[in-house]
Amino acid sequence: MRTARNTVNTLARLNDGTTLHILPLIPQDKNCLQAGYMCLSKRSRYYRFLTFQKKLNDKQLKYLTEIDYIKHFAPGARLASQYGKGIGIGRFVRIAEEPDTAEVGLITIDAYQQKGLSTLFLQLLAQYARQNKLRIFRGYVLEDNHKLLNFVRHFHANISWEGGPVLKVDIKLSDIETAPYQLRPVYLPDLKKRVVSVPKIQSSGTIQPYNG
Ligand SMILES: CC(C)(COP(=O)(O)OP(=O)(O)OC[C@H]1O[C@@H](n2cnc3c(N)ncnc32)[C@H](O)[C@@H]1OP(=O)(O)O)[C@@H](O)C(=O)NCCC(=O)NCCS
């Protein structure tokens, strides 16, 4: 049966070998989301949520976890070890006035940044978005968010000024398909489960095959 929990239900490996379980958020994830939020640095918190508040309030938790999986979709990543600690979330919310566009939010807790998680989320979100007739992912980003601005260069983002310190970042879904680090779906024979893996990029730029 196609339930919220199995629309995306995937094991994933980051480029340092960390194994993750990727599952769409459900209302019962509020505590896990709060715990992940509280692990963020102030800077990451501000760049993603535009607030320094120490905890998410009930209204925010409801909005972020009680989603319809069509207009608003959000897979989260939990460590396969450490009792499923949440380490990141990808999210898109369709923009009502622009039927082919969705606003995207990405967050990886600081200790797990630069290991390929947002790349993985962007690709999983794009696969799902294409089935729902979307063409563009949009982000509204602060102009000093260099990590994000570096990250979106890999996807040929179109960046324009929105006013004040905010930039509008548009990425075509077709440019996510041709990005340098493509997910590699593999099957672990013992688990009989699909695993997607971010390939390791060696300094020479060649991609190492993932052997499961
Ligand atoms: C911006 C942010 C979302 C990126 O998340 P991340 O999980 O670190 O992203 P990735 O690891 O996929 O990519 C980061 C870098 O690693 C690189 N990378 C990814 N997979 C790789 C691989 N297999 N081999 C080598 N490099 C890889 C990416 O190309 C990117 O390179 P860059 O340094 O040139 O940008 C993260 O820094 C964050 O959460 N910031 C705070 C919140 C925020 O700003 N959100 C965006 C606004 S909504």
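Residues 200-212 keep a pLDDT under 50, where pLDDT is the predictor's confidence in each residue, from 0 to 100. The model has 13 contacts beyond four places in sequence for residues 200-212; two residues are in contact if their C-beta atoms, placed from the backbone, lie within 7 Å. This is a predicted model, in which local features need pLDDT of at least 70 and side-chain atom pairs count only at pLDDT 80 or more, while totals for chains, interfaces and linings use all residues. Residues are numbered from 1 along each chain as its sequence is written. Across the protein the pLDDT averages 85, and 82% of the residues score at least 70. Residues 186-194 have a pLDDT below 50, with 11 contacts in the model beyond near neighbours in sequence.

Now let us look at the fold. The protein has seven helices and 11 strands; helices (H or I, at least four residues) and strands (E, at least two) are DSSP runs, numbered from the N terminus. Of the protein's 212 residues, 29% are buried, meaning that 20 or more other C-beta atoms, placed from the backbone, lie within 10 Å of the residue's own.

What happens inside? In soluble globular proteins, nonpolar side chains tend to be buried together. Here the largest nonpolar core has 37 residues, and F92, F121, L125, A129 and I171 touch the most other members. Such a core is a set of buried Ala, Val, Leu, Ile, Met, Phe, Trp, Tyr and Cys residues joined through C-beta atoms within 7 Å. Which helix gives the most to this core? It is α5, with eight residues. F92 touches L125 and A129, among others, not counting residues up to four places away in sequence.

Let us stay with α5 for a moment. Its 15 residues reach 22 Å from the first C-alpha to the last, close to the 21 Å expected at 1.5 Å a residue; the expected span is 1.5 Å times one less than the number of residues. Helix α5 is mostly covered, with 11 of its 15 residues buried, including F121, L125 and A129. Just after α5, K133 takes a positive phi of about 65°.

Finally, we come to the ligand. It is surrounded by 27 residues, and the closest are Y47, Q113, G116, S118 and T119; a residue is near if its C-beta atom, placed from the backbone, lies within 6 Å. Helix α5 (117-131) is one of the elements that each supply at least two residues of this shell, and S118 and T119 are among the buried residues of α5.

Conventions. A residue is buried if 20 or more other C-beta atoms lie within 10 Å of its own, exposed if 12 or fewer, and partly exposed in between; C-beta atoms are placed from the backbone.
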